[in-house]
Amino acid sequence: MDLLSYSLVDLIPFSRETYFRLFERYNIGLWPAPIIGLAMGLTALFTARRAGGRMLRTPFLLTAVCWVWVGWVFQVHWYAPLSWPGIYFGIGFVLQGVLMGVVLGWRPLSGSREGTDRDPGPGIWILVFALALQPLLGLLSDRPWYGLEVFGSAPDPTAIATLGLLLMIHHPLRWLLSIIPLAWCLISGATLWVLSVPTWPVMPLAAALYLGVVVWPWVSGRSRLE
Amino acid sequence: MDRSCVSSRRAFLAALAVVPLSFLTLPGNSRAEDGQPLVKSIPSTGEPLPVIGMGTWITFNVGDDPVARDVRTDVLRAFFAAGGGMIDSSPMYGTAEAVVGSCLARLDRPKGLFSATKVWTSSTAEGLEQIAASERLWGLPRLDLLQVHNLVNWKGHLETLSAMKADGKVRYIGVTTSHGRRHPELARIMETHPIDFVQLTYNIEDREAEARLLPLAAERGIAVIANRPFQGGSLIDRVKRHPLPGWAREIDCTDWSQILLKFIVSHPAVTCAIPATSQVDHMVENMASARGAMPDAALRRRMAADVAAL
């Protein structure tokens, strides 16, 4: 297949109405999965903020489970029938879940360079945004409350919340765990742009913010002082 | 229907097809007869085909959504009520084939359907499985037209399609492109392979096909399906901000979509256009393009110039 002959629009063979209806049908069809996902997200928020040591694995294990769920259930079984790249997105999401589970769930976080910052910094606010504010952005597009995208069952808030969590830790493999969430931010932003959804810049901006926070210590020279 | 009647009718229509659609290029605008939708002959057989068909890209990819499927069933009902024929889809269009099949079943397999889909895979062997899946999704034992989508593995698939046609498993075969992709390669296929149809992008804004492909299709007796008649929506969005030109009344147009579609189907080499819509009122407007007066060559030039100046 000559993929280079296809444009972005070719990869999005559905309308904005169909995309929004997808989340409405998904949330209703799998109810109460969205509530369970949100509860897992809130648990991740509070454990990430307060827990230390071994308990720090909790938010990452919860989030890893959400990536696998979103990959297998949403991407493969709900999104892919509408758009064939969904299969590959599903594989990517499941892979991200497995990576997070293995790297941050099973392997203890030890050593002075690992674990959380005492000041969680912007990571906690990105997490709060993904859990509480990002779903409400759907209301700006006149979407009904039962069609909103929430952490744990929808890809966008799950990806942004993960970036927030990753900002709260030091880990040698953090870059590896960032690749798929960052890629999804660009893919989702491009999809929403093609569909003329007014909030399309949110995802790429979240990715840019994450990269900015990660890179800033090197740019400012702080890393040499630590 | 008696097979011999069909055969003699086809022979008669084939004979008519030898006479080019010259009425469209004669001085003065032509008119579809007696309020009936305009049809053109498929050159390879002479079979008549309504000049306005229907595309399914995006509009019919709605998955299992029962509300959206109800609306698409109404759209198809309006299409056939207005004398529509060709429905074009592809395995690339997500659930579009399944939705079309579901709607057709709910409409009790309307008469006049001309089913057109594509094969879209890099594997020749997988192509056969894909075609079988398309027949199942459409709910049809045999599809009218199978096309190689976007020239993907066209050599392998054309062999398959030619064999299927010889065995009576498909009535027509063709090749598609869109967005002006790979026109030189498409021209070579048209010159060297016995295909019945070619599908390409042609509209009042994108007229690249006029230079080589449309004259070649006329010369080789290949039917032409024009896709992207509204340039993916951007063209109609642009022109509808302006009032209808005075000449719109000369060709019985009451909105811009009819102007754009009549421009396309009045080209002598174009057999049909396949606008896509998910709204019944738009379908009714589109289908009205097949009726009334059609622009002649002089008016077509003026239409193109006026739209370019908007």
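Chains are lettered from A and ligands numbered from 1 in the order written, and residues count from 1 along each chain's sequence. Keep in mind that the model is predicted: local features need pLDDT of at least 70, side-chain atom pairs count only at pLDDT 80 or more, and totals for chains, interfaces and linings use all residues.

Start by selecting chain B, with its 11 helices and 12 strands (DSSP runs numbered from the N terminus: H or I of at least four residues for helices, E of at least two for strands). Of its 310 residues, 49% are buried (20 or more other C-beta atoms within 10 Å of a residue's own; exposed is 12 or fewer, partly exposed is in between, and C-beta atoms are placed from the backbone).

Next, pick B:66-81, helix α2. Its 16 residues reach 22 Å from first C-alpha to last, close to the 22 Å expected (1.5 Å times one less than the number of residues).

Now colour B:Ala68, B:Arg72, B:Val75, B:Leu76 and B:Phe79, which are buried.

What covers the buried residues? Show β4 (54-55), α3 (96-106) and α10 (280-288) of chain B, plus α1 (16-29) of chain A; the cover includes these.

Step just past the helix to B:Gly83, where phi is positive, about 90°.

Note on methods:
Two residues are in contact if their C-beta atoms, placed from the backbone, lie within 7 Å.
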